[in-house]
Amino acid sequence: MRATDVIMKKRGSILNPKGEKLSREEIAFLIENYVKGEIPDYQVSAWLMAVYFNGMTFEETADLTDIMLHSGDVIDLSDMKGPFVDKHSTGGVGDKISLPLAPIVASCGVKVPMMSGRALGHTGGTLDKLESIEGYNVQLESDVFKKYITECGFAMTGQTKKVVPADRLLYALRDVTGTVESIPLITASILSKKIAEGSEALVFDVKYGSGAFMKNEQEAIKLADSLVKTTQAMGRKASALITNMNTPLGFKTGNFLEIEETLDVLEGKGPEDVTELTYQLGSLMLINGGKASTKNEGIELCKNAVQSGKAMELFLKNVDMQGGNSKKLLSERNVRRSSHVRKLKAEKDGFIKIDAYKCGLAGIHLGVGRNKTDEKVFADSGFIQQKIEGDFVKKGDVIMEVFGKDEDCFDSAMPILSDSISYSESEITKKDLILKEIL
Ligand code: URA
């Protein structure tokens with residue numbers, strides 16, 4: 001087999017501009033030899049561009065995912081009692097859903113092996129939020145990860161370099177060849193990493209809007225459909241919600257601030273949007289894990305896990321298990337704050353909109369997020385919204401309390417935050433939090 005022939009088959013010709021479906025052997029030949037260093041970047045770049053234009057069938061995408069998945073370590077949970085279900089979010093601003101979700105779902109008898117990522121660009125990362133809890137360890141060896149899942153029902157860790165090395169190579173190449181925005185390539189990239197963690201079923205939160213990876217509703221629906229169908233083609237259960245990420249989720253955005261909001265949700269006192277999304281996703285996880293048969297039943301189970309205090313108990317147990325100190329965490333709640341503070345006040349009267357993307361960008365300046373993977377983030381940076389999208393404000397009202405990593409960061413962060421607010425004389429019709437469900 002020659003790489004050139006595989007590229008040309010996908011590329012097609014003037015008479016056959018859509019190209020042809022590749023066999024599993026052809027995809028494996030390309031990916032496996034690329035990872036070994038035997039096929040050069042320029043040939044894989046050409047193939048990526050052919051896929052970008054001509055797409056892939058669900059079967060090809062499932063084959064690509066499976067081949068990428070087996071390029072590195074795969075966690076084997078077959079010696080443990082399941083069911084194992086995880087959630088993947090395409091990322092956003094103030095998106096702390098994984099944190100209350102895992103203990104809620106685990107309290108209902110579904111195990112959650114959660115491998116998460118770090119903040120990058122304007123979006124936050126679960127691992128950075130967890131590390132804002134002093135001592136919390138997100139680098140678990142796989143035997144420790146498995147032990148914690150058995151003992152606590154869930155565990156949270158980062159991916160090691162040995163998980164899906166093919167994705168690291170391919171993603172870097174996509175980034176510089178204009179081929180990131182391809183639905184099958186995004187699908188294989190996300191799924192290979194998620195399936196490597198050992199879950200039997202997956203629930204996706206695919207976000208659309210200014211603060212999301214997919215800016216537009218139709219693109220988000222396409223990605224969700226591809227994620228669900230490809231996961232199903234790989235013999236696993238899957239479902240997805242397409243959700244609004246035009247404005248930050250909840251009141252608090254920032255690493256430790258989002259841990260605080262997690263505690264609020266686990267006490268049944270969380271913001272409406274975060275609570276709603278947590279229960280909706282939780283319910284789908286319970287259905288996929290065989291613990292609920294309807295959406296309403298799943299939501300009731302999630303609510304009971306909160307009301308009984310069981311979910312909070314599990315969250316705090318996990319904090320202690322993974323090296324944090326739950327007593328210290330509770331004593332720092334609503335008290336631990338950066339000493340660098342500003343207030344963002346309304347510039348005029350009106351109904352406000354708050355743009356998620358701009359808030360996320362301001363977050364990078366404040367120290368919540370990072371531009372490059374090796375940059376440091378700050379645990380206590382972020383902002384607390386006194387007002388949310390749709391609220392009416394009078395000139396001078398405080399919209400947000402803003403916490404920075406130092407005094408200088410406000411010079412760049414505050415103008416971006418001001419710019420994230422738009423004012424309208426008439427009431428704003430808020431878009432629904434959940435646009436669509438794919439089962
Ligand atoms: N997230 C991923 O993990 N991969 C992509 O290709 C896009 C978003």
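**Exercise 1. The ligand site**

Which side chain has an N or O atom 2.9 Å from an oxygen atom of the ligand? List the polar contacts of the ligand and describe its shell.

*Solution.* The structure is a predicted model, in which local features need pLDDT of at least 70 and side-chain atom pairs count only at pLDDT 80 or more, while totals for chains, interfaces and linings use all residues. Residues are numbered from 1 along each chain as its sequence is written, and side-chain values use heavy atoms, with hydrogens and water left out.

Step 1. The side chain is that of R174. A polar contact here is a pair of N or O atoms within 3.5 Å; within protein, one must be able to donate a hydrogen and the other to accept it, and residues adjacent in sequence count only if both atoms are side-chain atoms.

Step 2. K193 places a polar side-chain atom 2.5 Å from an oxygen atom of the ligand.

Step 3. The ligand taken alone exposes 240 Å², of which the protein buries 82%. Accessible areas come from the Shrake-Rupley method with a 1.4 Å probe; for residues, only the protein chains shown count as cover.

Step 4. Two or more residues of the shell come from each of α8 (165-177) and α9 (183-196); α9 gives the most, with 4 residues. Helices (H or I, at least four residues) and strands (E, at least two) are DSSP runs, numbered from the N terminus.

Step 5. Around the ligand stand Y171, R174, I186, S189, I190, K193 and F213, where near means that a heavy atom of the residue lies within 4 Å.

**Exercise 2. The surroundings of S338**

Where is S338 placed, and which residues does S338 touch?

*Solution.* Step 1. S338 sits in the loop between α15 (326-332) and β7 (341-345).

Step 1. The relative accessibility of S338 is 11%, so the residue counts as buried (buried is under 20% relative accessible area, exposed over 50%, partly exposed in between; 1.4 Å probe, protein chains only).

Step 2. Leaving out residues up to four places away in sequence, S338 touches D380, F403 and G404, with contact meaning heavy atoms within 4.5 Å.

Step 3. The side chain of S338 has a polar atom 2.7 Å from the backbone oxygen of G404, and the side chain of S338 also reaches the backbone nitrogen of H340 at 3.1 Å.

Step 4. A379 is 41 residues from S338 along the chain, and their C-alpha atoms are separated by 8.8 Å.

**Exercise 3. Backbone angles**

What are the phi values of V164 and N334?

*Solution.* Step 1. Most residues other than glycine have a negative phi, and most peptide bonds are trans.

Step 1. V164 has a positive phi, near 45 degrees. V164 belongs to the loop between β3 (154-158) and α8 and is buried, at a relative accessible area of 1%.

Step 2. N334 has a positive phi of about 65 degrees. N334 lies in the loop between α15 and β7 and is partly exposed, at 45% relative accessibility.

Step 3. The cis peptide bond runs from G82 to P83, with omega near -5 degrees. P83 is in the loop between α4 (58-69) and β1 (85-89).

**Exercise 4. Helix α5**

How many residues of helix α5 (residues 98-107) are buried?

*Solution.* Step 1. The count is 10 of the 10 residues, so α5 is largely enclosed by the rest of the structure.

Step 1. After α5 comes G109, with a positive phi near 95 degrees.
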